[in-house]
Amino acid sequence: MQISRWIASTAAAAMLVMAAGSLSAQAQEKLKIATEGAYPPFNTITADGKLVGFDIDIANALCAQMKVECELVTQDWDGMIPALQARKFDAIIASMSITEERKKQVSFTNKYYTTPLSLVALKDSDIASTEPAALAGKTVGAQASTTQADYAQDVYIKAGAEAKLYPTQEEAVADLMNGRLDAVLSDKFVLMDWMKKSSDGCCKMVGDVKGTETEAGIAVRKEDNALREKLNAAIDAIVADGTYKKIQAKYFDFDIY
């Protein structure tokens, strides 16, 4: 009787291991990828609810290269890393700059583009430089929990400026257009796209902020090294076979890699 129970128990355990392995394999065949959906032209939501943008096209190209099914979901920026750590999704493709502080919480792939910070101001503003002294007495907007927010708080405030932080980039530029800000600090390519498509001539590009060039990478959980390496290989592959350039050409007439 005891032997029979042992055999049954062993068989059940083996079935559980096999089932777990099968579930793990299934999980690896489908990835859930998060983006913000409020950061054009990299990620935004159309009027009919569709996710579009450079980040979205890159995500789809990487999934096709890895031959995995992917589901793209949106997540508020402030909760992006905590939600990744809580296993609500597997990776973040949302123009997230690779920083030492973030590397304490997540692992990053190699870069998939590079950008400096830039400053835009109202067109009749006397702001003529991105140097800290030029922002003394001014109110500068930036999206919270970003490298631009860090720069505004660490550099411009010390020079006598006021920094006002927003949940999204879109809210920051809306306040600039309405005259509630003197300037907005953000990624150069995001500001260029906004100036071209949505600024209604309200503003001027002051220029790039020296020494702020950062690389955007894909974030995964620290323990997911295998996924990170697969994504790195896929990034290399789409750059090598021309897929990256085709995607880039839809949004930019210059190289951002």
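Modeller: Let's start at Ser 118, a residue of strand S8, which covers residues 117-122. As a caution, the model is a predicted one, where local features need pLDDT of at least 70 and side-chain atom pairs pLDDT 80 or more, while totals for chains, interfaces and linings use all residues. Residues are numbered from 1 along each chain as its sequence is written, and side-chain values rest on heavy atoms, without hydrogens or water. Helices (H or I, at least four residues) and strands (E, at least two) are DSSP runs, numbered from the N terminus.

Ser 118 has a relative accessible area of 0%, so Ser 118 counts as buried (under 20% is buried, over 50% exposed, in between partly exposed, with a 1.4 Å probe and protein chains only). The side chain of Ser 118 makes a polar contact, at 2.6 Å, with the side chain of Asp 208 (N or O atoms within 3.5 Å, one able to donate a hydrogen and the other to accept it; sequence neighbours count only between side-chain atoms). Asp 208 belongs to strand S12, residues 203-208.

From here, let's move to strand S3, made of residues 43-45, where you will find Asn 43. Asn 43 is another buried residue, at 0% relative accessible area. The side chain of Asn 43 reaches the backbone nitrogen of Ala 38 at 3.3 Å. Between strand S2 (38-39) and S3 there is a loop, and Pro 41 lies in that loop. The peptide bond that joins Pro 40 and Pro 41 is cis, with omega at about 5 degrees.

Two backbone angles are worth a glance as well. Arg 87, in the loop between H3 and S6, has phi near 65 degrees, a positive value in a residue other than glycine. Arg 87 is exposed, with 53% relative accessible area. Ser 145 sits in the loop between strand S9 (139-143) and H5, and Ser 145 also has a positive phi without being a glycine, near 60 degrees. Its relative accessible area is 44%, so Ser 145 is partly exposed.

On a 1 Å grid, a cavity holds points where a 1.4 Å probe fits but cannot get out; a pocket is open, with protein on both sides within 12 Å along at least five of seven lines, and lining residues have an atom within 4 Å of a point. The volume is the space filled by probe spheres set on the points.

The structure holds 1 cavity of 30 Å³ or more. The largest cavity has a volume of about 80 Å³. There are 13 residues in its lining, and the closest to the centre are Tyr 39, Trp 77, Ser 95, Thr 146 and Gln 148. Strand S6 (91-97) and H5 each supply at least two lining residues, with S6 giving the most, 4 residues.

Tyr 39 leads on to the aromatic rings: ring pairs link Tyr 39, Phe 42, Phe 54, Tyr 112, Tyr 113, Phe 189, Tyr 244, Tyr 251, Phe 252, Phe 254 and Tyr 257 into a cluster. Rings of Phe, Tyr and Trp (its six-membered ring) pair if their centres lie within 6.5 Å; planes under 30 degrees apart are stacked, over 60 edge-to-face and the rest tilted. This rule gives 17 aromatic pairs. Why is the pair of Phe 189 and Phe 252 called tilted? The ring centres of Phe 189 and Phe 252 are 5.6 Å apart and the planes stand at 55 degrees, so the pair is tilted. Phe 189 is in helix H7 (residues 188-197) and Phe 252 in the segment after helix H9 (243-251), so their pair ties together parts 63 residues apart in sequence. Both Phe 189 and Phe 252 are buried. Phe 252 also forms a tilted pair with Phe 254, at 5.7 Å centre to centre and 50 degrees between the planes. Phe 252 has a relative accessible area of 8%, while Phe 254 is partly exposed at 28%.
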